[in-house]
Amino acid sequence: MRIISFLSSATEIVFELNLERHLVGISHECDYPPAALELPRVSRPRFDPAGLSSGEVDAAVRRCMEEYGSVYEVDTARVRELRPDLVLTQAVCEVCAVPTGSVAEAVGDMERPPAVLSLDAHTLDGILGTVQQVADAADASAAGAAAVSRLRARSDAVREKVAGRARPRTLMLEWVDPPFVPGHWVPEMVDIAGGENLLGSAGERSIQVGWDALTGLDPDCLLLGQCGYDLAQAREDADSHRARLRSIAGTTIESGAAWLLHSAYFSRSGPRVFDGVEVLGHILHPEAVDAPLAGRAEAWT
C-alpha cells in the first residue's frame, strides 16, 4: 500500500493509525508529526503568504480563487513518480487544502489510477468517521476502531469534568481581517469544553461577519485561533489589530481572558482536535480540566 496525503490532518491520521510506513508523499502544508517532514511534497501554494498580513492573505486567496478556482497546485509529475495506491484529499474547504477535484484531475489519466478518498468531516463525529475511513481503506479496520475509541474517550472525559459548571460566554475568531467566526466542529469543541459559543454554528461553514456584529457581545472569554497560524503568527496578527479587538472585548482582554490558539489543534480535521478540546476545557475551567498549554495556547495581554 502506497499512500499520498494532500491534507495535513490526513497525514496526522495516518500516523495515529501507525500506518506511516505506507506514506510516500505529503502536501506542502503538512508539518506534523516531524517524522513526516522528509517525505516528498506533492502540492504547492499559488502565492507565498510569508510576511503578509491577514488582510493581505485574504486578498491573495480571493484573487487565486477568482483567477484559478483554487489556491493550490498539484505536482502531477511527482504524484505519478510516487505511484500511489491510495490518495487522501478533502472537499471541506477549498481555501484550507487541495480540493478533491484538483486531485482527481491529476490522477485520472494515470495508467493505474489510485483510489481517491475524500475526507469531508464537519463535526467531531465526522472526524472520527474519517479516521475509520482511512483505516478501512488501508486494510487496518481494527486499528481504526481502537483509535476512534481512544479519541472519543478523551472528549467524553472533558465533557464529564465540566458538567454542571457555569458556562463562560465564549467568542472565537478564526480570522481577524476580515473577521470570521467558526463553524464545522469548533462550536462543538467549545460546547464540550464547557463554554457557550456566541457566534458560529456546529456542522455549518465558518462565516464572515462585520465588526458591528461583534460589538456588544461582551464575552467572558475571547479565543483567537486564526486558521493556519501558529502562536507567534496569531500574536503578531492580534497585536496588529489590537484596537479593533479591544473595541469588541476590551473588558475581556483587561481581565486576562483573551487567548491565542495554535490553529492546528482547532482548524484541522484530525486527531489533534481532541487535544484542542482538552486545551479549551483547561482555559474555560482550569480547576476541572488539566491540560498542557505550551505550544498550543497562551494568554494574550
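This report describes selected helices, strands, a pocket and an aromatic pair in a predicted model.

**Helix α1 and its surroundings**

Helix α1 spans residues 8–16 and is mostly covered, with eight of its nine residues buried. The buried positions are S8, S9, A10, T11, E12, I13, V14 and F15. Their packing partners are the strands β1 (3–5), β2 (23–26) and β5 (86–89), together with helix α5 (124–137). Just after α1, the backbone at N18 adopts a positive phi of about 60°.

Helix α5 also contains T130. T130 counts as buried because its relative accessibility is 3%, and the cut-off for that class is under 20%. When residues up to four places away in sequence are not counted, T130 touches I13, L119, D120, A121 and S269.

A140 is found in the loop between α5 and α6, the latter covering residues 141–162. A140 has a relative accessible area of 13% and is therefore buried. With neighbours within four places in sequence left aside, A140 is in contact with L19 and A135. The C-alpha atoms of A140 and P33 are separated by 20 Å, and the two residues lie 107 positions apart along the chain.

**The second largest pocket**

The second largest pocket holds about 190 Å³ of space. Of the 13 residues in its lining, E16, Y32, P271, R272 and D275 are the closest to the centre. The elements that contribute two or more residues to this lining are α1 and α6. By class, the lining of the second largest pocket comprises six nonpolar and seven charged residues, with no polar ones.

**Strand pairing**

Strand β7 (residues 169–173) is mostly covered, as four of its five residues are buried. β7 pairs in the parallel sense with β10 (residues 196–197) and, also in the parallel sense, with β12. A separate description applies to the open sheet of three strands, which has the order β8-β9-β11 and antiparallel pairing. Its edge strands are β8 (175–176) and β11 (207–208), each of which pairs on one side only. Strand β9, at residues 179–181, is joined to β8 by antiparallel pairing. The table lists three strand pairs with their bridge counts.

| Strand pair | Sense | Bridges |
|---|---|---|
| β7 and β10 | parallel | two bridges |
| β7 and β12 | parallel | four bridges |
| β8 and β9 | antiparallel | two bridges |

Individual residues can be assigned to these pairings. R169 has E196 in β10 as its bridge partner, and L171 has L222 in β12.

**The aromatic pair**

A pair of aromatic rings is described by the distance of the centres and the angle of the planes. The count for this model comes to one aromatic pair. W175 and Y229 form this pair, with 5.2 Å centre to centre and 55° between the planes, an arrangement classed as tilted. The pair links distant parts of the chain: W175 belongs to strand β8, whereas Y229 is in the loop between β12 (221–224) and α9 (231–240), 54 residues apart. Both W175 and Y229 are buried.

Key
Residues are numbered from 1 along each chain as its sequence is written. This is a predicted model: local features need pLDDT of at least 70, side-chain atom pairs count only at pLDDT 80 or more; totals for chains, interfaces and linings use all residues. Side-chain values use heavy atoms; hydrogens and water are left out. Buried means under 20% relative accessible area, exposed over 50%, partly exposed in between (1.4 Å probe, protein chains only). Contact means heavy atoms within 4.5 Å. Two strands pair if DSSP finds at least two bridges between them. On a 1 Å grid over the protein atoms alone, a cavity is a set of points where a 1.4 Å probe fits but cannot get out, and a pocket is an open set with protein on both sides within 12 Å along at least five of seven lines; lining residues have an atom within 4 Å of a point. Grid points are joined across faces, edges and corners, and a volume is the space filled by probe spheres set on the points. Ala, Val, Leu, Ile, Met, Phe, Trp, Tyr, Cys and Pro count as nonpolar, Asp, Glu, Lys and Arg as charged, and the others, Gly among them, as polar. Rings of Phe, Tyr and Trp (its six-membered ring) pair if their centres lie within 6.5 Å; planes under 30 degrees apart count as stacked, over 60 as edge-to-face and the rest as tilted.
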